[in-house]
Amino acid sequence: MPIFPSLRQLHYLLALAEHLNFTRAAEACFVTQSTLSAGIKELEATIGAQLVERERHRVVMTAVGLEVVNRAQGVLAASEDLMQVAERGANPMEGVIRLGVIPTIIPFLLPTVFPEMRRCYPALKIALKEDLTDNLLQRLNDGELDFALVALPYETGNLLAYPLFEEPLWLVAPADFSAPKQLLTKELDTERVLLLGEGHCLRGHTLSACSIKQTAAQQSQTSPILEATSLYTLVQMVNAGLGLALVPEMSLSSGLLNGTNLKTFPFAEPVPRRGIALLARPSTARREAFDALCGLITRTWEDHLRK
């Protein structure tokens, strides 16, 4: 019978890959340095390959080591899901769910959804993590999150993705801006379109909708594309007359433009849209909770739009 690595050994390896220092990795694992070092050596012996280059003043992961680290993250996440199967078997809607949400959703959707969530599932607690999409996907794959609420289209790999609803993007412009009745994204002056910073999926949605290709010249100091760190900042930049912006409908219905003199314009077909989706690992032990939350979010948002 083949001998397989232990979860503890994989945990040691991930800590070492993160800290690249045996002392700090051992402290993170609450073990002695000699225990962690022995665990890594046993793992290397089991796999039959060197995973770590040990130098006097630094630690370097080998190519095989990096590959094992990538796979170990999925193994540990799946093992945690396995443990949760037993823990949550009695009532899947109890306990804590670690939910990641992107910044262009969290302040607009959750105030509508959370009251209904608490009403329907009072024993369920939500631990929120706000972050950019790539970071949430990594945390989800690593088992640090149970679910993630993101905007599509976006490459999500092999994660389980449930589309909740779609919403249009609107043009936000200064009060003196005039637009034709049939406003098309391709007719916008792309040099006036403002963007969120790198890492925001709405940035990609805007670039795609307006067919903007960022060349080296556009990114240079002589021809910069103005960027914002949040939707609130983006709106204030438009309000200051710096340009135009595309924003999701949910932000407008939540009062994003309150206190400004800005105007909004709907687009003609093809209307730029984004899809809101809930993501989970395919191995998740919280599948019942995942399905229940998908239904609740979709239903609650549809009721909100009808009011």
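**Exercise 1.** In this predicted model, where do R71 and E67 lie, and how many residues apart are they?

*Solution.* Start with the element: R71 and E67 are both part of helix 4 (residues 63-87). Now look at the side chains: R71 forms a salt bridge with E67, with 2.7 Å between the closest N and O atoms. Finally, check the surroundings. R71 has a relative accessible area of 60%, so R71 is exposed, while E67, at 38%, counts as partly exposed.

**Exercise 2.** Work out which residue D303 meets in a salt bridge, and describe the pair.

*Solution.* The partner is R306, at 2.3 Å from N to O. Both residues belong to helix 11; because they are 3 residues apart, about one helical turn separates them. D303 is partly exposed at 33% relative accessible area, whereas R306 is exposed at 63%.

**Exercise 3.** Find how many aromatic pairs the whole structure holds, then classify the pair of F108 and Y232.

*Solution.* The search gives 4 aromatic pairs. For F108 and Y232, the ring centres are 6.0 Å apart and the planes stand at 40 degrees, so this pair is tilted. F108 sits in helix 5 (residues 106-120) and Y232 in helix 9 (residues 231-239), so the pair ties together parts 124 residues apart in sequence. F108 is buried, at 3% relative accessible area; Y232 is partly exposed, at 45%.

**Exercise 4.** Are F165 and W301 buried or exposed?

*Solution.* First, the geometry: these rings form a stacked pair, 5.6 Å centre to centre with 15 degrees between the planes. Then the accessibility: both F165 and W301 are buried.

Technical notes: Residues numbered from 1 in each chain as written. Predicted model: local features only at pLDDT ≥ 70, side-chain atom pairs only at ≥ 80, totals over all residues. Heavy atoms only, no water. Phe/Tyr/Trp six-rings, centres within 6.5 Å; stacked < 30°, edge-to-face > 60°. Helix = DSSP H or I, 4+ residues; strand = E, 2+ residues; numbered from the N terminus. Buried < 20%, exposed > 50% of the residue type's maximum accessible area, 1.4 Å probe, protein only. Salt bridge = Lys/Arg side-chain N within 4 Å of Asp/Glu carboxyl O.
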